Structure formats: C-alpha cells, structure tokens
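Here are some exercises to work through with the model open beside you. Try each one before you read its solution.

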Amino acid sequence: MFSYSEQAATPLDGGEPQVGTSERRGGVELDRHDAVGARMRQFRKERGLTLRGLATHSGLSIGFLSQVERGISSIGLTALNSVATALDRSVAEFFNDAPAEEGGEEDRRAPASPLPSHFTLTRSSTAATEYISGQQTYRMLSARGPNLVLEPLLVHIAPGGRRENSYGHAGEEFAFVLEGELLYEVDGVEHRLHPGDSVHLRSTVPHSMFNDTDRVTTVVSVVTPRLF
C-alpha cells in the first residue's frame, strides 16, 4: 500500500501532487514526474476496457479509478499493482521510464559476475531508485532477484493529501514506523502507529494508511508480491 523528497511530494501549480520517479546519484536527487493517471487511461483504452471493467478486474472502485485517471486522486503502489495486473502491464510502465542502468564506465568495461539467484546484495553506495506517488515516496531497498518474492521499501509519507479508500489485494504486508505517526486502518478499525510500532496483515483484508499529522512519517514496508 505503500526516500523522502518534500519537493516531489508538493503539489505543482496549486494542483494535485504529481507522480513520477527519481534516482539518487552522488547525493543528488533527480526527479522525473509523469501522470500515472494518463498512462492508466491509455493502457485501459488499449485493452478495450471500460472503467467498470477495470474496476472488476482490479478490485478497485469505479469512482476511485476515475479520480486517478483525471488526476484528482493519487494511487499507492500496491493498488497500482492491481491495476497493472488487470491491464497486463508492469508497474514500471506507468512511470516516465525504466530505472537507469547502474554502474559507471569501469563497470561497463568489466561487468561483475552475476550473483546467485537466491540472494541479492545492495550496498549503501548503490544508486537508489525511488517512485513518487501522491504524498508517498518509495525507495527500493533491494535489487531484483528472480527467485525472491518480498518487496522491501523505505516509504516517506508527507502530511496531508487525500485519504485513500480501504481496499484489499493479494499478498501480505508489513510496516514498521521509524519516524512520525501513521494512521493505519485494518478491516474498518483505525490504529495509530508510533515509532517502534508495526503492523503485519494479510493484504486481502481491506486496509489503508494516512498521515494526519503535520510532519513526515518514515516507514520500513515489506510487501508481497514484488511490485517491480
């Protein structure tokens, strides 16, 4: 359902928060904004689906999908994953472009041997790919592994924005609050999480999260299945 970029999470020209990707290289963050809602409408029409048809296949409401397509509401990554599956697309295709290749000229001259498929190793110096959706910025915490199913993320949730409706999706979800507070609703019951608190649930149970404070909330989130 678910590192932080205040600039990226701030509405542009007085409108709704934009959605896009960014990368950190050498301590410099590069933002690339793109309208996910426009991509959603494009892919839906290419599939010949109505909003009702997309709602049926994704498990999300017609009203919510319509608001996302029109730029009125933002969509979290897990909800976007449900849409992507319904449209036979990858989540990455809804963003401006795929993450850039990592490594410099030396790496290209002498590529490293691939790691075994049962694990990945991500160094702190590795360029981190970030996906920005509404008030939330997701930093990918591990490289892709063909036989790995967990999606570990560092999520920064800016205050404000529109509160998403609760929904369920396949998989499991875990969230651990590092900083700030988080209002997490599970099956109609609200739980306020403070630093050190965590929640773990089957994602098929309707749930949502919202930052109703005036400061950024930072969360370590682990979800299944992988989103990218």
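**Exercise 1.** Find the average pLDDT of the protein and the share of residues that score at least 70.

*Solution.* Start with the score itself: pLDDT is the predictor's confidence in each residue, from 0 to 100. The protein averages 78, and 76% of the residues score at least 70. Next, look at residues 3–34, where the pLDDT is below 50; this stretch still has 91 contacts (heavy atoms within 4.5 Å) beyond near neighbours in sequence. Over residues 98–110 the pLDDT is also below 50, with eleven such contacts in the model.

A word on conventions: this is a predicted model, in which local features need pLDDT of at least 70 and side-chain atom pairs count only at 80 or more, while totals for chains, interfaces and linings use all residues. Residues are numbered from 1 along each chain as its sequence is written, and side-chain values use heavy atoms, leaving out hydrogens and water.

**Exercise 2.** Work out which residues of α2 are buried, and why they lie on the same side of the helix.

*Solution.* Helices here are DSSP runs of H or I, at least four residues, and strands are runs of E, at least two, numbered from the N terminus. Buried means under 20% relative accessible area, exposed over 50%, and partly exposed in between, with a 1.4 Å probe and protein chains only. In α2 the buried residues are Val36, Gly37, Met40, Phe43 and Arg44. They share a side of α2 because they cover an arc of only 130° around the axis, taken from the directions from the helix axis to the C-beta atoms. After α2 comes Gly48, with a positive phi near 75°.

**Exercise 3.** Name the helices that the buried residues of α3 pack against.

*Solution.* First pick out the buried residues of α3 (residues 51–58): Gly53, Leu54, Ala55 and Ser58. Their packing partners are α2 (36–46), α4 (62–69) and α5 (77–86). Gly59 follows α3, and its phi is positive, near 80°.

**Exercise 4.** Place Glu179 in the fold and list what it touches.

*Solution.* Glu179 belongs to strand β6 (residues 172–179). With a relative accessible area of 45%, Glu179 is partly exposed. Leaving aside residues up to four places away in sequence, Glu179 touches Pro195, Arg215, Val216, Thr217 and Thr218. Finish with a distance: Glu179 and Thr218 are 39 residues apart in sequence, yet 5.0 Å apart in space, C-alpha to C-alpha.
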